[in-house]
Each structure stands twice: as C-alpha cells, then as structure tokens.
Amino acid sequence: MSGTSGGTYLGMPAFPEAAHDAVRDTTLRGNLRHATHTIRAKRAHAVAEVSDWAELREAGKRIKDHTLRHLDRYLVQVEETVTAAGGTVHWAADAEEANRIVAGLVRETGESEVVKVKSMATQEIGLNEALEAEGIRAYETDLAELIVQLGKDRPSHILVPAIHRNRGEIREIFAREMSEWGRPAPEGLTDSPAELAEAARLHLREKFLRAKVGISGANFVVAETGTLVVVESEGNGRMCLTLPETLISVVGIEKIVPTWRDLEVFLQTLPRSSTAERMNPYTSMWTGTSDSDRADGPRTFHLVLLDNGRTDTLADEVGRQALRCIRCSACLNVCPVYERAGGHAYGSVYPGPIGAILSPQLRGTGSEIDASLPYASSLCGACYEVCPVAIDIPEVLVHLRERVAQGGTATREGAKVVLRPAKGHAAERAAMRAARWAFGRPGALRAGQRLASRTRRLHPRTLPGPGRAWSESRDLPPVPAEPFRDWWRRTNGGEDGAK
Amino acid sequence: MSDRDVILGRVRRALADVTPDGTPYEAALPRDYLREHGERSLARTVELLAENLADYRALVHRCAGVPELSALIAGLLAGRGARSVLVPPGLDGAWLADTGAEVTRVADEAASTAAELDRVDSVVTGCAVAVAETGTLVLDGSPDQGRRRITLIPDHHICVVRVPEQVVGSVPQAVARLDPRRPLTWISGPSATSDIELNRVEGVHGPRTLEVVLLGDA
C-alpha cells in the first residue's frame, strides 16, 4: 500500500515529471476524458435547473467566509453543542495527533477492525496506515475507495477516487483481490456496472453487519445545533453511521456552518456540483447520541476536530478562501490539466485545481511537488466558474506562484516564517527584473523593439540554452515588422486609416 | 498546552487582520436566493414530486384513502414474494390490514441485531417531509418511521407520503420543517453509485427497490 506522511505521498516527484508519464498513458487519458466529459454536461444541466444559482453560490460563499472570520467562536460553539448532545469532542493540531486519538478510541472499544465512510480528512492524515500500524484493520466501504484499497492504489479524484479505472479494470481488481479481504467476487463476474455494484454489496455486507466501530468524516457541522451531515450515494455511509456501537468522525475545522438553516444552501449546491444530481441518494444528519429506549444508532460518538495546516491557510489573506471548499470536485471535472494529467500527478489526496491551491497551503511549499503545484494550471479560470462557493482558484494560484518564485512570509504550524525564493526560478526572476528595467526606460524599450523587428528573420525557432525546454512545446511569438508604438505614432493611433 | 488551546490560538492569530464585527449573523448574511423555484399549485407540487421520484427510479403509486392503501401494500409485498416485513411501532395498523398472516411482522426493536434485520424482506414506513423539487423523502425517526437502520438493511422499502400535507416544494422549505435534534435521513431514489465511470447505477448497499405511495386526494 502506498505510504503517506501528513498527506504527502513519499518520494513524489514534481508535477511536471509525474504528469509526464500520465499523459502518455492512453488508457488513463481515455478513462479520464470519458468520465470528466460525461459529468461536465450533466452538471451544467443540473445547475441550469435552478434559476437562482448565482444567488445560492453567493450565499454559500458568504456563509463560509463569515464562519472562517469567526472560526474561534464557532469552534467553541461546536464543542458546546456536540457535548450537550452527548458527544465527546477532541482537538487535533496535526495528523499525528488525530491518528493517535482515533487509534486510542478504537483500542478502548477492544475492536481490531473498523468500517469507514469515504472521508477526505482521514485520507489526508493517512489514518488507515496509522491504524494498521496499531494492528487495526480499516475497511473502506465507498465503492470507489474499495476499488482503490483492493487495487493497492492511490485515489485520483475527490469524489470518485477510482476515476482512473474503467469498468474492465475494476472487474479485474474485484475478481483478483476480494477474496484476500473477505467474501470473494461472484463467479463469472462481468464488467457491467450493475454487476460490479452487486459484487461490492455482497462483499461489504458481512463487514457492515458485524462492525462495532464506524469512522467517518462530515460534509458539514452545524454550530448552532451540533448536527453533523454526511452526503453520500450508496448507503455505505448510512451503514457506518447507524449500525456500529461507536462512531468516530474526523472533521476539518473549516467544515463548520453557523446555523441549521445554512444547510438549505449547500444541500442545493453540493449535489448538483458533484454528481450532477438534483439530490444525492442519501444524506444523514445526526446530533450527538440518544440513550433513551428509542435510541437510534451509535451509543458513543466522538468528534475529532482537525487542524493539520488549516489555521496556516487561514492566516493567508488571499489563500484562505480555499477553506471555503465543500469538496464537490466540479473544478476537477472541468480542468483541462486534470483531464490530461490525472489525479496522481498532484501528489496529494486533493488533486485538480483545488488541490493545487490546497496542498501547498496545508503542507507548505517546501517539497518539490508542493512548490510545483501552483504551476499545474493554464489559468483558464474554468474552475472558478463552476465553483459553488466561488473560490477564485486562479487568483490563489498566482499568489502562490509569487510566493514560490519570490519567497516571502507565510505561516507554518502557527508561526510566521520567511520563505526563501525557490530554486529553479532564477531565469524567471532574471527575466522579470529585465522587464521591469526595460519598461521603466521608454528609450531603451523602443531601441530594443526596433532592433528585434529588424532582425526578426534571424530569430531562431526555439530558444537556446536553458530556454530550450520551454520552447520545445511552444511556438515563440512572432515579432511584427514594425513595433506597435511606432505604428501608433506613424498612423496617429490608426486614425489615418493607414496600415 | 492542549491541542485545543493550540488550535484556538492559531485561529486568533490567523485572523489578526479581520476587524471584529458585531452584526448579528442573519443580518450579515443576505439570502437573496429563492424560497421555492417558481409558483405552483399544490396539485402541481405533488405531481412534480412524483415525476422527480420516478426520475431517480423510485416506483411511484397513488391512492386516495387507507382502504385502497392497505390493498396496494398487500399487493406490493406479495408481488415481491416478501415473507417478512419490518413494522415501525407507530405505523397505522390499517395500512397492513390486507396483508395476510403469511407475511411475518417484525417489530423495530433495540435488541434486534443487524444480522436479524438482514433476513427481513421489506419495510413499510411513513415519512416526515417530501421535497418535490428534488424528489426527496425525509425520515426523522418518528414512531411511524422507526430507527434509521430498518429502512436501510431490507432490500425493499415502501414509504407512504400523505399528500399534500407532508409535501413541500423546495429544500429550504424542508429544512424549515425539520427538527435537527432528530436523526434525519434524506432519501432520493434507491441506493445508487456514480463511482464507475461517473455514471449513476442503482443498487448498492441501501434498499434497491424504493416504492413511494402518495396517499391522499391532491
């Protein structure tokens, strides 16, 4: 199984190297193209059904922004309301602490296996690996997570972690691996999606029925009431949330919304953005536990509030908007870079455009992969257009590029640090310095432009030296016969009608 | 220092640039979105509910009154060959009046194990609210609906919606009607997944057949 450490896949190369292999994998390209194009059209249709999409988007953005601006207050309120409802609240500043808390809670129950609802937060902290080290087996129960777990693979999409697999590959994995983990795949399993879903149903049912401990994340936590919300499709979430005796939910601190009423916004925008449905098949909402004779669901409930880089992200005035994210994955599905490179190249459980701004903020830009992620974009802006909470991803990408290239201050583990400019951007910085010098001196700029125009026949088609790699896949812009400023002066701003 | 103090301290330092603002939440947050999408008559709202339920592969039936309902439920159970049916404690007994003794009634009891419930064929419940615009049923654990697990483990769920009184047009209207202190389950069609090539396929862990009976004259 692939190792994770604080969410970084060990030894992950920078995005360009990782993407290099992915774009040459024609099966992967085909799978991604098929899936992302299918969902794109459907999302557009689902969004067009509601005439007030822009207003819902604005409200979602404002709810999240307000919460983030008063996050200390709402965190304390969540602690109060969840505790009052019979839950126990734990706080984890980093992945290690969260894993330690969860492993301890599972050990207290005396159980050595848990069933899991798909959760980004537990992926991010590498919970399954941490539990395994403690002798606790975690069973993923979401279909796509199951495919990833059985295939000893890594997730490549926020919503559909096995999006890089087509039905034939899934059949193969089920037929080969299910027997290792429990009930084998049915004889003669074909690659029809209905049969594959049936195989997962049979394989997981025995695990659900005997599970004593469930582990989940949450899509939302309502501060006012202490209510947690899990949005899902298959019913595996309902199984994990209602059948076990103990439920442990690991939730990022940015998942809070202030009031019960706020859910009316996100329950409209999230399903339409993620699976392009009017409503997802199942949404569960629970408030603590109940110990009456009508008790319904787990008798013990633990909420682990996770920081793990979120407060550092909050400290960045431009970058903090990434914390509005509700993990719908619409930005992945429209991104031309994601469609071609696939999720693995991003080296994080958060791939795609949102990952490119979230990972370098949650983890810092210290590693090669994280420093390269802000560049994994053409800045086309499609991600911003579809984002249901209006995160201006291109703005944050450019902001992070600046930090990588120029260095500057950032917050790491709660402390201000001064980052040095990253290596490998010397040519970029030199070019920018030269540009600044030239634009500040009109005479020099004019002389340079005229020289370039007169010698244009002599220009090479590719750049020499270190610029060669850049121009290998790009055409150099053609230089006009006459600089624009000369043309403007000669023709009186084009008014003379002269060419 | 505890992790609680660490996190709260970090949050406060991170927000040093934010000027404190005493505006009450609801005043600070304009809700310009619609309460409901378009004007509809009650009858049209119920019709829309039926359409959207069917669009997500729920099987929709309508009947005017309880006698008719009782016959319908008996027929639905017989049609599936159900030999046992889970019955929430507060379910109107008349709903099952026509269902013969050959179908065993299984009570929703705290002591039942999940494995026992797994042997039951069907479940019949009421609901708390139904949302027309999204084709959603919401259960809140009231006595006519029972614990969450009884509508999860059996493969066949018959849910009765009283129309028009339990039907609302939109999600905001549903949220306003519900009590967050109750365990809530929002159900839109039978169990499904989009995990294979991002296409919706019905039938994973929850009931694979969802039948909805719209009970009433509207």
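**A chat about the largest pocket**

User: What volume does the largest pocket have?

Analyst: In this predicted model, the largest pocket has a volume of about 2,000 Å³.

User: ok, and how many residues line the largest pocket, and which lie nearest its centre?

Analyst: The lining of the largest pocket is made up of 46 residues, and those lying nearest the centre are A:Y375, A:H425, A:E428, A:W470 and A:R474.

User: How do the residues of that lining divide into nonpolar, polar and charged?

Analyst: The lining of the largest pocket divides into 24 nonpolar residues, 10 polar ones and 12 charged ones.

User: Which helix gives the most to the lining?

Analyst: That is α20(A), which contributes eight residues to the lining of the largest pocket. Several helices of chain A each supply at least two residues of this lining, among them α1 (15–22), α19 (393–406), α20 (426–439) and α22 (468–472).

User: Switching topic, which domains is chain A divided into?

Analyst: Chain A is divided into domain 1, covering 4–310, and domain 2, covering 442–490. The C-alpha centres of these two domains of chain A lie 52 Å apart, and the lining of the largest pocket draws at least three residues from each of them.

User: And what does UniProt list for residues 400–491?

Analyst: An unreviewed UniProt entry lists residues 400–491 of chain A as "domain: Lactate utilization protein B C-terminal".

User: How far apart are the end C-alpha atoms of residues 400–491, and how much of the span is helix or strand?

Analyst: The end C-alpha atoms of residues 400–491 of chain A lie 42 Å apart, and the span is 50% helix and 11% strand.

Key. Residues are numbered from 1 along each chain as its sequence is written. Chains are lettered from A and ligands numbered from 1 in the order in which they are written. This is a predicted model: local features need pLDDT of at least 70, side-chain atom pairs count only at pLDDT 80 or more; totals for chains, interfaces and linings use all residues. Side-chain values use heavy atoms; hydrogens and water are left out. On a 1 Å grid over the protein atoms alone, a cavity is a set of points where a 1.4 Å probe fits but cannot get out, and a pocket is an open set with protein on both sides within 12 Å along at least five of seven lines; lining residues have an atom within 4 Å of a point. Grid points are joined across faces, edges and corners, and a volume is the space filled by probe spheres set on the points. Helices (H or I, at least four residues) and strands (E, at least two) are DSSP runs, numbered from the N terminus. Ala, Val, Leu, Ile, Met, Phe, Trp, Tyr, Cys and Pro count as nonpolar, Asp, Glu, Lys and Arg as charged, and the others, Gly among them, as polar. Domain bounds come from an automatic or database domain assignment. UniProt positions are given in the numbering used here, feature names are shortened, and annotations may be inferred rather than shown by experiment.
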